[in-house]
Amino acid sequence: MLEAKKLVKYYTMKEKSGWFARKKQQIKAVNGLDLTIKRGEIVGLLGVNGAGKTTTIKMLSTLLAPTSGTLSIDGIDALQQPEAIKRRINMIAGGERMLYWRLSARENLMYFGRLYGLRGSALKNQCDELIKKVGLAESADRPVERYSKGMKQRLQIARGLINDPDYLFLDEPTLGLDAPVARQLRGMVKDLAKKKNKGILLTSHYLEEVEELCDHVYIIEKGHLLLHDTPTRIIQTIVKDRILLVVMDRLTQEDWTWLRQELDNRGIHTQKNETDEGTQLDMTAPFDLTAQFIALTHQRNFHLLRLESKKPNLEDAIIRLAEERELL
Amino acid sequence: MWTAFSATFKRQLVTMRRAYPWSFFIGHILDGVYITIFAFLSYHFIFQGELNERFVSYTGTSDYLSYVIMGGVFNSFTVSLLMIVSRMLITEMREGTLEALLLTPSSRLGYFLGAAVQGLMRSGIEWVTIICIGLFFGLNLVSAHLALLIPILAAFCFAIFAQALVLGSFMLAFRDTYITQNTLFVVMMLVSGVSFPPEFLPQWMQCLSRIMPLYYGLDLMRAVMTKAQLSFAILQNLLLLVALGILYFFIGIIFIKQMEKSVFEKHFG
């Protein structure tokens with residue numbers, strides 16, 4: 001298990017305050033964060049820009065030393081034995097970094113494998129297996145600079161797995177990828193956790209991705225932990241409203257006045273728009289209002305063209321949370 | 001350390017074969033060739049082959065052209081090796097591979113040594129090329145004491161490697177290669193006895209000569225490659241070169257380690 005307790009990271013910034021004078025300013029990037037990742041689970045780390053996600057990942061991966069706090073992986077103290085920790089972890093970042101563009105996929109993997117102490121047939125087999133796994137067998141000996149973005153990202157996954165890490169940190173792994181490639185990567189991440197028993201930490205701006213993959217989610221703001229729960233419970237806690245979208249034959253003024261009165265009486269907030277299709281109603285209420293609305297339409301024989309009940313998702317929850325905290 | 005050494009050596013070799021930096025190669029050769037031709041023309045056509053007496057007393061030779069050409073050859077070699085090693089980490093940072101490298105539990109010393117040994121192949125080619133050109137302009141290799149040449153060359157390479165570690169850490173600290181390296185190269189060329197003996201310089205500038213491995217290296221190389229007789233000063237300079245190399249090595253290792261720790265913190269800002 002990866003366990004971070006009361007992680008703190010302060011950066012000291014120098015700002016020009018005159019021709020030669022510089023003013024020191026301390027920035028609290030992470031402030032007393034507790035975080036746990038167990039083997040076989042995918043943990044999400046969310047927050048708006050500047051929340052401290054990247055700093056947290058860099059501390060967990062030993063690239064940054066925390067100002068204070070403790071970090072251990074399977075009982076090994078990361079601050080005392082960073083070399084031992086490095087053998088058990090790896091990181092995959094989105095974008096096109098962390099690869100040598102002039103080397104081929106195979107050469108990249110062989111290089112990183114050697115740096116992790118692999119050699120001989122074990123290294124060769126690991127490289128071959130990973131190249132096959134990420135679907136780069138046909139282009140394995142082509143320089144990376146001639147790869148597409150998706151291919152580079154798949155190679156990044158292979159690089160991140162070269163040392164067969166127990167814990168994997170994914171920093172925006174599907175950034176800028178096409179939908180099919182992103183879906184393929186999500187499948188791969190799920191398999192790594194559930195079939196290969198790896199502990200995974202995921203940060204992503206694609207919240208559907210986090211909702212789909214993560215067993216539980218940490219939401220941080222300005223380095224503080226704001227919420228920690230499963231995606232479902234976070235949504236239930238933050239977004240209590242249900243949304244019903246309806247398109248129906250154009251309503252007369254009389255019908256609309258009657259319907260609005262009925263909806264208001266039931267505590268349903270309604271917004272009406274006239275479209276080419278007909279009258280569109282967006283209704284919001286803190287309960288499932290589908291049955292009540294259908295009963296009302298029967299009373300006046302309204303003809304429904306479309307009805308869509310929208311379930312709130314993690315994105316709604318995060319936006320609501322941000323609005324409440326005036327972050328947006 | 002060995003795995004990091006061999007991995008980096010192979011990586012650099014593949015990269016060199018695939019994308020050889022011809023501009024660097026030509027640039028380094030031109031530096032050496034320029035010094036050679038400039039010395040040849042000025043010696044013959046401006047100074048009419050006449051030398052100041054103090055030059056002979058300071059250098060122990062009246063063969064000015066061999067003196068300058070050797071200076072050009074080893075200055076180019078030093079610049080080339082310094083650049084290859086010192087730019088390694090900052091290049092990783094610029095190309096976005098530094099995080100991936102620092103994530104591995106590999107030996108940093110092995111990594112730098114791998115780059116240096118591979119870089120010696122390239123610098124060696126440049127070195128031989130400038131020597132060959134120098135032979136046409138008056139370089140006189142009168143006595144190559146091979147038995148001494150090898151340990152001197154080894155000590156010289158070690159000291160330059162160590163100096164490159166310190167230079168590399170400054171590059172990381174300043175986030176710059178161009179101004180940092182060229183400041184060193186200009187000072188180094190001025191005070192190390194590349195085209196004139198440092199004894200011509202003011203006393204305070206001569207102190208800078210003593211902290212340049214090139215100064216000792218050049219003295220030793222000239223002694224074993226262009227002079228017929230060897231003196232006790234060779235041993236003294238060899239020891240000073242090794243001591244300077246060891247000093248730079250420890251400073252470089254400490255600085256690089258420190259920079260690795262702070263590089264991501266500075267990146268934040």
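A salt bridge, as the term is used in these legends, is a side-chain nitrogen of Lys or Arg within 4 Å of a carboxyl oxygen of Asp or Glu. The views below are taken from a predicted model.

**View 1. A salt bridge links Arg97(A) to Glu99(B).** The closest N and O atoms of Arg97(A) and Glu99(B) are 3.1 Å apart, and across the interface of chain A and chain B the rule finds three salt bridges. Across this interface there are also eight residue pairs in polar contact, with both residues of each pair at pLDDT 80 or more.

**View 2. The side of chain A that touches chain B draws on β1, α2, β6 and α3 of chain A.** Each of these elements, β1 (2-16), α2 (82-88), β6 (89-93) and α3 (105-115), gives two or more residues to that side, and the largest share, five residues, comes from α3(A). Sorted by class, the side of chain A that touches chain B has 17 nonpolar, three polar and 11 charged residues.

**View 3. Chain A and chain B bury about 2900 Å² between them.** Of this buried area, 64% lies on carbon and sulfur atoms. Leu63(A), Arg114(A) and Leu115(A) supply 21% of the area that chain A buries against chain B, which is more than any other three residues supply. The contact as a whole takes 31 residues from chain A and 27 residues from chain B.

**View 4. A nonpolar patch lies on the surface of chain B.** The patch is formed by Phe170(B), Phe174(B), Leu247(B), Ile251(B), Ile254(B) and Phe255(B), which together have about 560 Å² of accessible area. Two helices of chain B, α8 (146-174) and α12 (233-268), each supply at least two residues of this nonpolar patch.

**View 5. Helices α8 and α12 of chain B contribute to the nonpolar patch.** With four residues, α12(B) gives the most to the nonpolar patch, while Phe170(B), one of the residues that form the patch, lies in helix α8 of chain B.

Definitions and conventions. Residues are numbered from 1 along each chain as its sequence is written. Chains are lettered from A and ligands numbered from 1 in the order in which they are written. This is a predicted model: local features need pLDDT of at least 70, side-chain atom pairs count only at pLDDT 80 or more; totals for chains, interfaces and linings use all residues. Side-chain values use heavy atoms; hydrogens and water are left out. Contact means heavy atoms within 4.5 Å. Buried area is the accessible area (1.4 Å probe) that two parts lose on being put together, summed over both. A polar contact is a pair of N or O atoms within 3.5 Å; within protein, one must be able to donate a hydrogen and the other to accept it, and residues adjacent in sequence count only if both atoms are side-chain atoms. Ala, Val, Leu, Ile, Met, Phe, Trp, Tyr, Cys and Pro count as nonpolar, Asp, Glu, Lys and Arg as charged, and the others, Gly among them, as polar. Patches are made of residues with over 30% relative accessible area and no salt bridge: like charges are joined within 9 Å, nonpolar side chains (Val, Leu, Ile, Met, Phe, Trp, Tyr) within 5 Å. Accessible areas come from the Shrake-Rupley method with a 1.4 Å probe; for residues, only the protein chains shown count as cover.
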